[in-house]
Amino acid sequence: KCPGLELIPVIDSTNQHLLDRVGQLPQGAVCLAEYQEAGRGRRGRQWLSPFGTNLYLSMYWRLDAGMAAAMGLSLVVGVAIAEALQSLGADGVKVKWPNDLYYQDKKLAGILIEMTGQAGDAAHLVIGMGLNVAMAEQEGSGIDQAWTNLARACDGLPERNQLAATLIQQLHQTLEQYEQVGLEGFIERWNRLDNFLDRPVKLLIGERVVEGVARGINSQGALLLETEQGLKPYIGGEISLRGC
Ligand code: ATP
Ligand code: BTN
C-alpha cells in the first residue's frame, strides 16, 4: 500500500472521502476515483462523473497559515492544471475565474476547494479536480452548459497514469510554492491563461447582472471588470462569470 494514495473505483465524492478523514491524512494525500455517485461542484451543483472516461482527483493539504490564506487558491490550482496539461501536449487550455478550466470556450475541468478548521488555526483543505478526459457526447448530454474534453485538446491523449501523476506532481509543487510566495507569484501566469481577458463578460451576483470587459485579476485574486464607471474589483464565492 502506498501511504497517501488511494485509488477507488466507485465513490460518492473524492472530496467527501478526504474531508471525512482529515485528521488521518499525510500532507498531499490523494484520492482518485473512476466514478462518483455524488460528484459535486460549487454551491451544491452536481459534477457529472461517468465511469472510466474522466479523472476525479482530490488532494489533502494542511495550510498552516490558516483559512484566510486559502483565498485565491482555486486560481493558483487552475494555473497548475493548465500548465500540467500544456506540458502533456494540450495547447490552448485556459482558465476561467474563479475555478474552471476552458478549452475553446467550453468547460474542460472544474476545481472545488473545501476546508475545515478553526479560525486562527491551520486550515485543512481538500482540493478537488474534475477533468473531462474522453467523455463522450452522449455521456455528458445531461450537462447544461458547453463542455469539452482533453481528447479534443491533444493530438494524442497522454497515458492515463502519466496524466494523473503529472497533475498530482504539479499540484503538489504549486501548493508548496503558494505557501512561500502567495498569490503574488501567480498573477501574471493566471492573466496569461485567462480565457476572457479583454473580452466582454457579465457577472451574475445573486439577482444582479453587471456587464463589462474582463481585465484579469489583481493581487487579491479579485476579477477586474471595466465598466463605464471605471475598473472595479469583484471577489467572493457568490459571483459567476459568463461570456457575452
Ligand atoms: P460558476 O461560474 O458559478 O462556477 P458553473 O456553472 O461553472 O458556474 P460550477 O459549480 O463551477 O458552476 O460547476 C458545476 C456546473 O458544471 C454544473 O452545474 C454543470 O453545468 C457543469 N458540469 C457538471 N458536470 C460537468 C462535467 N463533467 N464537465 C463539464 N461541466 C460539468
Ligand atoms: C466546479 O466546477 O464547480 C468544480 C467541480 C469539481 C469536481 C471535482 S471531481 C473530484 C472532486 N470531487 C467532487 O465531488 N468534486 C470535485
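Predicted model: local features only at pLDDT ≥ 70, side-chain atom pairs only at ≥ 80, totals over all residues.
Let us start with the overall layout. The domain assignment divides the chain into domain 1, residues 5-193, and domain 2, residues 200-243. Taken over C-alpha atoms, the centres of domain 1 and domain 2 lie 23 Å apart. Where the two touch, domain 1 contributes 11 residues and domain 2 contributes 8 residues. On the domain 1 side of this contact, helix α5 (residues 187-193) gives the largest share, with 3 residues. That side is made up of 6 nonpolar, 2 polar and 3 charged residues.

Now look inside. The largest nonpolar core has 57 residues, and V79, I81, L108 and I127 are the ones that touch the most other members. Helix α2 (residues 73-87) provides the largest share of this core, 10 residues. Both domains take part, since at least three core residues come from each of domain 1 (5-193) and domain 2 (200-243).

Next come the ligands. Ligand 1 is surrounded by 19 residues, and the closest are G41, R42, L48, W147 and S240. Strands β6 (106-116) and β12 (239-243) each give at least two residues to this shell. Sorted by class, the shell around ligand 1 holds 5 nonpolar, 8 polar and 6 charged residues. Ligand 2 has 21 residues around it, with S13, G41, G110, G128 and G130 the closest. At least two residues of its shell come from each of α1 (14-19), β3 (55-63), β6 and β7 (123-131). The shell around ligand 2 consists of 6 nonpolar, 11 polar and 4 charged residues. G41 is listed among the closest residues for ligand 1 and for ligand 2.

In β12, S240 stands opposite L204. The strands β8 and β12 run antiparallel and are joined by 5 bridges. Strand β8 (residues 200-205) also pairs with strand β9 (residues 208-217), again in the antiparallel sense, over 6 bridges. Here K202 faces E211 in β9. The hairpin of β8 and β9 has 2 residues between the strands, and G206 takes a positive phi near 60° there.

Finally, some loops deserve a visit. Most residues other than glycine have a negative phi, and most peptide bonds are trans. Against that background, the peptide bond between W97 and P98 stands out as cis, with omega about 0°. P98 sits in the loop between β4 (93-96) and β5 (100-103). D105 is not a glycine, yet it has a positive phi of about 65°. D105 lies in the loop between β5 and β6, and it counts as partly exposed because it has 13 C-beta neighbours inside 10 Å. D198 likewise has a positive phi, near 65°, and its place is the loop between α5 and β8.

Is D198 buried or exposed? D198 is exposed, because 10 other C-beta atoms lie within 10 Å. Q24, in the loop between α1 and β2 (30-36), also counts as exposed, because it has 9 C-beta neighbours inside 10 Å. Q24 and G4 are 20 residues apart in sequence, while their C-alpha atoms are 9.8 Å apart in space.

Terms used: Residues numbered from 1 in each chain as written. Chains lettered and ligands numbered in written order. Near = placed C-beta within 6 Å. Helix = DSSP H or I, 4+ residues; strand = E, 2+ residues; numbered from the N terminus. Nonpolar A, V, L, I, M, F, W, Y, C, P; charged D, E, K, R; others polar. Pairing = 2+ DSSP bridges. Core = buried A, V, L, I, M, F, W, Y, C linked by C-beta atoms within 7 Å. Buried ≥ 20, exposed ≤ 12 C-beta atoms within 10 Å, placed from the backbone. Domains from an automatic or database assignment. Contact = placed C-beta atoms within 7 Å.
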